[in-house]
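User: Please walk me through this structure. I am new to it.

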Amino acid sequence: MKRYPYVILGGSVAAVAAVEGIRSEDKKGEILVVGEEPCKAYGRPLISYYLLGETDLPRMDYRPETFYEENHVMLRLGVRAERIDPAQKIVTLSGGEQIGYEKLLVATGSRPFDPPMEGIERVKERFHFMTKADALALDKALSPEKRVLIVGAGLIGLKCFEGIAARAKSVAIVDLADRILPAILDEAGAKMVQSALEARGAAFFLSDSVLRFDGNTARLKSGKTVEFDLLVIAVGVRPNTELVKEAGGEVRRGIAVDECGRTSLPDIFAAGDCAESFDIASGTNRVLALLPSAAFQGRQGKT
């Protein structure tokens, strides 16, 4: 079993920032990045622009092709970390392989949250909207004859609408909240944005939810029905905290970290969507699931 000075679990923005932070102080220590996605880091906010046709796959890359080689980073992509042994400083990967570390960064991000909805397992063409793979799958399924139902009127759901509005026959958006983007906009601002989106073809069903799916018919709590061909679940995300929790680390809504990104486990750091840190704006500990926050946290947790 090989032991690396630095191991990073997760291959996205926080991981790239951590590599840059490490290399600003240590030019030679080996860095291993283990990423569950089978591709190098890319800008996730760009997936809607890919569907819109305003960017392409090469331009979605977060860093140039030469970045990893120039920074002497070893990549293990399409591999999942299954377990952390903090006492032995060992990570077990899918397939049983074990790797050792001196410093470990957990940057495993988040995953889509699927609320309980009766009959959803029988909806054949259903998607999430978080990853490049999600965008590619939706891109393949879209056509001008398809009716799309998006469950969720937050940022993810509306970014999805932005990308597909001109490529579908119709797009309906259902949300339990009484306005769109409730975490960001007040009532007046939400009405302005909603009007602009309705002018582009969005049909909103707010203060409502899906009671059950009967095939490709969504029956809403209000008694209304929505017919669709493609379903996108964009209700929200949940931090991937299991590795640290099962290793005995402190986990609240996210992995608890201090001002330097340290977890409660020795020589283990966390950054990005999986981490819960102190937010000076609110004066509380919370998950800051934003790209700039992931980059800042990844860089500060470098040693």
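**Strands and salt bridges**

User: Which residue in β13 stands opposite aspartate 214?

Analyst: A word on the basis comes before the answer. This is a predicted model, where local features need pLDDT of at least 70, side-chain atom pairs count only at pLDDT 80 or more, and totals for chains, interfaces and linings use all residues. Residues are numbered from 1 along each chain as its sequence is written, and side-chain values use heavy atoms, with hydrogens and water left out. The residue opposite aspartate 214 in β13 is threonine 217.

User: Over how many bridges do β12 and β13 pair?

Analyst: Strands are DSSP runs (E, at least two residues), as helices are (H or I, at least four), both numbered from the N terminus. Two strands pair if DSSP finds at least two bridges between them. β13 covers residues 217-220, and its antiparallel pairing with β12 runs over four bridges.

User: What is the order of the strands in the open sheet?

Analyst: The sheet has three strands, paired antiparallel. In general, strands of a sheet pair through backbone hydrogen bonds. The order is β12-β13-β14.

User: Which are the edge strands?

Analyst: An edge strand here pairs on one side only. That describes the strands at 210-214 and 225-227, namely β12 and β14.

User: Is arginine 219, a salt-bridge partner of aspartate 214, buried, partly exposed or exposed?

Analyst: A salt bridge is a side-chain nitrogen of Lys or Arg within 4 Å of a carboxyl oxygen of Asp or Glu. The closest N and O atoms of arginine 219 and aspartate 214 are 2.5 Å apart. Buried means under 20% relative accessible area, exposed over 50%, and partly exposed in between (1.4 Å probe, protein chains only). At 29% relative accessibility, arginine 219 is therefore partly exposed.

User: How many residues apart in sequence are aspartate 139 and arginine 167?

Analyst: Their closest N and O atoms are 2.8 Å apart, in a salt bridge. Aspartate 139 lies in helix α4 (residues 132-141), and arginine 167 in the loop between α5 (155-164) and β10 (170-175). So the pair ties together parts separated in sequence by 28 residues.

User: Which distant parts of the chain does the pair of aspartate 267 and lysine 103 link?

Analyst: Their side chains meet in a salt bridge of 3.1 Å, N to O. The two residues are 164 residues apart. The pair links the loop between β17 (255-256) and β18 (268-270) to strand β6 (residues 98-106).

User: How many salt bridges does the structure hold?

Analyst: Some share partners: Lys89, Glu102, Lys103 and Asp267 are joined into one network. The total number of salt bridges is 24.
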